[in-house]
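Thanks for coming. I have one model to go through today, and I will keep to a few places in it. Please put it up on the screen.

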Amino acid sequence: MTTIRLPRKATVLLAGLVLAALAGCGSAEKGPAGTLGSKGPAKPARAVPVAPPGLPGMPPVLDPNDVYAADRPNKLSPVVKDFPSRVYVPNTNSNTVSVIDPATYQVIDTIPVGVQPQHVVPSWDMKTLWVNNNRGHTLTPINPATGEAGEPVEVHDPYNLYFTPNGKYAIVMASLDKELVFRDPHTMDRVKTVPVTCFGVNHADFSADGRYFIVSCEFSGELLKVDTEKMEVIAQQKLPFEGAMPQDVKVSPDGKTFYVADMMAHGVWVLSGDKFETPKLLPTGKGCHGLYISRDSKEMYIPNRGEGTISVFDFPQNKLTKKWELPDGGSPDMGGVSADGKVLWLSGRYDSEVYAIDTATGKQLARIPVGGGPHGLAVYPQPGRYSLGHTGIFR
């Protein structure tokens, strides 16, 4: 009998075909449902949302469809649950912080701080409130358990303050220095300085996975996209509006869309953070300034500082649904939502007052006199696992 010798490649190919054929001839009794010999087609696998892989060290996302899932009413962390409920108001022109008891709507303390305090910022671990003394070049720590101020820490040009989602760095928005300064979140020692070419870096928010953040540049009408881990600017664009002055930045609950308030375009810019395309403008009102998410993640409150109103954006409907007017006008600016979600607190920047607004009806509950030039007030404590900074962005 003549032996036929196949080339090595052909032998390997033939063996593979034989194994494949044998694999397809399994017993119908032993095979799983949906394989050859089963009684019916396999049921399609149910799609389960998977949280995006996050920045190394970042707490896992609780809900891939809602970055604010940890912020439900009164869901206070053990770290903050025993802190007294207070509203801390930095008075830029008075160099003080007014402390309001929200139960009585009364100022119960006035804390002297540095020159031009702009924002009161909860630390990443939520144990400290940092007062940003912009022109005093210091940060004043306040203990939210006692309401007492500690020794100021020297930090140059701290207009605003944020924290990386993993708690590794504090990020100082050095507006006039034209820098993003990454610092130790506890000592505030400088780690890395990132010069920028835009003017007036001031507000920001992070992507759902924490790997990048979007920054507004107030005085040149630009946006930056920054790689969180590399600490580098990776994209930059000019807003398509002459004289644009972008302010607060906030990501949508599903993490797909960024919103940027603009006080000169009188509305909110809407864009995909991933694509970082040219944004579209959603008109809201004169002097559009701040952006605050409701406790159920369904609405966003948008104070229009130039006309004394608050616009309400509905996320499920993807449109503006309400507009609340402050009686006797006002200049609603920065603020936050109460722990139970029932009250929106806003500073009256040009009126030396603070507004408490019912989030169910839009009715003004109180109008409280404070110091001169009240700005980035913090409502504290609030629900959440950690703070990303500003007046309280919790996740």
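Asn-143 stands opposite Glu-148 in strand 7. Strand 7 covers residues 148-149, and two bridges join strand 6 to it, with the two running antiparallel.

A word on the source before I go on. This is a predicted model, in which local features need pLDDT of at least 70 and side-chain atom pairs count only at pLDDT 80 or more, while totals for chains, interfaces and linings use all residues. Residues are numbered from 1 along each chain as its sequence is written, and side-chain values use heavy atoms, with hydrogens and water left out.

Back to strand 6, residues 138-143.

Asn-132 has Leu-139 of strand 6 as its bridge partner. In the hairpin of these two strands, again with four residues between them, His-137 takes a positive phi near 55°. Leu-139 stands opposite Val-153 in strand 8 as well. Strand 8 is residues 153-154, and two bridges join it to strand 6, antiparallel.

Is Gln-118 buried or exposed? Gln-118 counts as buried because its relative accessibility is 4%. Leaving aside neighbours within four places in sequence, Gln-118 is in contact, meaning heavy atoms within 4.5 Å, with residues including Asn-132, Asn-134, Tyr-159 and Arg-349. His-375 is also one of its contacts, and the side chains of Gln-118 and His-375 make a polar contact at 2.8 Å. A polar contact is a pair of N or O atoms within 3.5 Å; within protein, one must be able to donate a hydrogen and the other to accept it, and residues adjacent in sequence count only if both atoms are side-chain atoms.

Last, Phe-199. Phe-199 lies in the loop between strand 12 (190-195) and strand 13 (201-206). Phe-199 counts as partly exposed because its relative accessibility is 44%.

Terms used
Two strands pair if DSSP finds at least two bridges between them. Buried means under 20% relative accessible area, exposed over 50%, partly exposed in between (1.4 Å probe, protein chains only).
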